[in-house]
Amino acid sequence: MAEVAKSRTPHPDLPPPASAVGVLGWVRRNLFSSPLNIALTLLAAYLLYAMIPSVLRWTLFDATWRGDSREACAANRGACWVFIRIHFEQFMYGFYPDAQRWRVNSAALLLILSAAPLFVRAVPGSVKLRLGLSILAIYPIIAFVLFRGGLFGLPEVETRQWGGLLLTLVIAGVGMAAALPLGVLLALGRRSKMPAIQTLCVTFIEFWRGVPLITVLFMSSVMLPLFLPAGVSFDKLLRALIGVTLFQAAYMAEVVRGGLQAIPKGQFEAAAALGLSYWKTMALIVLPQALKLVIPGIVNTFIALFKDTSLVLIIGLFDLMNIVHNATTNPAWLGFSTEGYVFAAAVYWLFCFSMSRYSQSLEKRLHTGHKR
Amino acid sequence: MPESAASPARAPLSDQVMIHMERVHKWYGAFHVLKDINLTVQKSERIVICGPSGSGKSTAIRCINRLEEYQRGRIVVDGRELSNDVKLIERIRREVGMVFQHFNLFPHLTVLENCALAPIWVRKLPRKQAEELAMRYLERVKIPEQAHKYPGQLSGGQQQRVAIARSLCMNPKIMLFDEPTSALDPEMIKEVLDTMITLAEDGMTMICVTHEMGFAKTVAHRVIFMDSGEIIEQNSPAEFFNNPRSDRTKLFLSQILHH
């Protein structure tokens with residue numbers, strides 16, 4: 001034995017067994033590691049086998065893409081995407097007059113162009129911050145003038161003619177842009193040492209969190225007019241915007257408060273010891289860290305808000321959901337509600353998923369707490 | 001240990017009073033944390049406060065820049081008496097630098113931004129000038145090469161030196177050190193103490209809560225011993241270490257020097 005040990009030259013490392021690496025290893029580890037796992041894998045495989053072909057048949061292979069009327073779809077058993085194509089403009093713009101839709105398009109183009117640098121990695125953070133804030137300050141005014149008109153020779157388009165994805169994005173955009181800052185203020189107020197401000201914020205948050213959004217929207221459209229003097233009336237869309245904003249701000253406040261609580265006391269003390277005022281401490285030291293911590297929570301609230309915009313159908317606004325619903329009741333196109341709702345779901349999903357992906361990349365980029 | 005470093009000259013002090021604490025009492029609920037603290041610190045004086053944990057020494061120096069409130073007594077800093085006036089407190093804090101046990105650097109900002117932040121936002125210096133100032137002090141604490149890193153990428157000793165530089169960027173008249181080396185690994189203590197010694201050589205008024213008795217011996221004009229919220233004894237380092245008067249001081253010194 002000793003002889004062998006002396007003359008030993010190191011044997012090159014053997015490759016790991018084939019069953020532990022590569023596709024086979026992965027499958028073994030993840031799909032067939034225990035009897036329970038094997039059973040679940042087989043069950044899942046069977047469900048996929050049963051479902052995928054029919055889903056694909058309905059959405060793609062047996063679907064009708066060409067044609068101008070429901071008759072074109074009669075021959076096929078799959079989805080009738082003609083229904084979506086015919087109504088597409090309506091789903092995007094609602095009852096916005098055809099001749100004026102260029103205004104919506106240019107507003108969208110303006111937003112995409114001006115916000116594009118925000119998504120480019122090479123642009124420095126301070127520039128992005130300034131650009132983002134200026135967009136927040138200026139863009140709503142431009143968009144409002146473009147959409148609403150009545151100025152600069154643009155014919156007026158009343159808000160009840162706005163609809164479809166346009167309306168959904170208006171409500172979601174205004175809701176997000178207003179709910180986040182309001183939520184931050186409420187969260188700061190709730191942690192304030194001044195009893196009056198604290199009570200006010202707690203009451204506000206608990207009130208709005210305690211009522212369903214549907215109730216809020218109902219009250220804004222049915223009850224509010226009862227309390228206002230005769231002749232005074234608010235725009236219905238404006239009322240919905242205020243309702244959605246206040247409601248989501250209460251949720252946002254609690255999300256942000258969670259972030260504020262995670263900031264160590266030492267950060268406040270270090271900022272105070274340098275002579276920074278309360279607002280500067282919050283703006284420069286505490287909020288950048290707290291908001292970064294709660295990005296998942298903020299985006300969660302944003303996504304909920306985006307989907308909750310569909311509730312405005314309760315008060316008779318024609319957002320994407322309602323306009324799709326409306327089209328499915330069109331006597332000329334009865335029986336295509338599945339196509340309509342699948343389309344609406346796909347659009348909602350696209351927006352929500354993009355937000356989720358963006359938040360994940362943002363989180364990664366802002367990560368500076370390098371663990372050593 | 002810092003005894004190896006040159007001892008900064010203990011020049012005679014001017015009689016300009018920088019800090020005056022008079023009959024200061026503080027309670028946390030029913031707990032009497034500070035009992036009748038009286039302390040006068042001259043310009044350029046260096047004071048070391050020591051004592052067992054929970055004796056109120058950190059609380060005492062945190063009253064000076066009003067990170068802690070006190071219920072009775074008065075404190076005058078650089079000729080201004082502390083009050084509840086927020087603006088006054090902010091003005092005093094600008095002149096009083098503080099270094100914490102756990103550094104408390106801002107983790108979302110680079111080292112340079114940490115240092116330039118207060119000069120920009122409190123002193124209203126233009127960004128470029130503030131960053132030059134920050135670089136000057138980072139050179140002084142010997143870590144200019146780390147300027148563009150984040151605090152999380154530095155060692156504890158480096159972080160504490162950045163924290164010192166950050167305070168110095170405000171050009172304070174007084175520096176408070178709250179156990180600056182207690183959270184550090186032994187091999188990093190010296191680099192921080194050396195930085196503090198250079199500060200002392202430049203005539204900075206300093207109050208330092210620390211257990212580094214070597215630092216107290218070489219640098220301090222006066223050593224103060226606190227126990228259960230009271231100042232038990234204060235004396236020159238030579239007298240304090242060689243002829244401690246109270247039994248509690250003797251006990252503390254025997255525990256800390258022969259552990």
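In which loop of chain B is B:Lys142 found? B:Lys142 sits in the loop between α4 (127-140) and α5 (156-168) of chain B. This is a predicted model, in which local features need pLDDT of at least 70, side-chain atom pairs count only at pLDDT 80 or more, and totals for chains, interfaces and linings use all residues. Residues are numbered from 1 along each chain as its sequence is written, chains are lettered from A and ligands numbered from 1 in the order written, and side-chain values use heavy atoms, with hydrogens and water left out.

**Positive phi in chain B**

- B:Lys142 is not a glycine, yet its phi is positive, at about 65 degrees.
- With a relative accessible area of 60%, B:Lys142 is exposed (exposed means over 50%, buried under 20%, partly exposed in between; 1.4 Å probe, protein chains only).
- B:Arg66, also a residue other than glycine, has a positive phi near 65 degrees.
- The loop between α1 (57-64) and β4 (72-77) of chain B holds B:Arg66.
- B:Arg66 counts as buried, at 12% relative accessibility.

**Nonpolar patch on chain A**

- A nonpolar surface patch of about 910 Å² includes A:Phe207, A:Ile214, A:Phe218, A:Leu313 and A:Ile314 among its residues.
- Patch residues have over 30% relative accessible area and no salt bridge, with nonpolar side chains (Val, Leu, Ile, Met, Phe, Trp, Tyr) joined within 5 Å and like charges within 9 Å.
- A salt bridge is a side-chain nitrogen of Lys or Arg within 4 Å of a carboxyl oxygen of Asp or Glu.
- Accessible areas come from the Shrake-Rupley method with a 1.4 Å probe; for residues, only the protein chains shown count as cover.
- Helix α9 (residues 213-227) of chain A gives the largest share of the patch, 7 residues; helices (H or I, at least four residues) and strands (E, at least two) are DSSP runs numbered from the N terminus.
- A:Phe218 lies in helix α9 of chain A and is partly exposed, with a relative accessible area of 41%.
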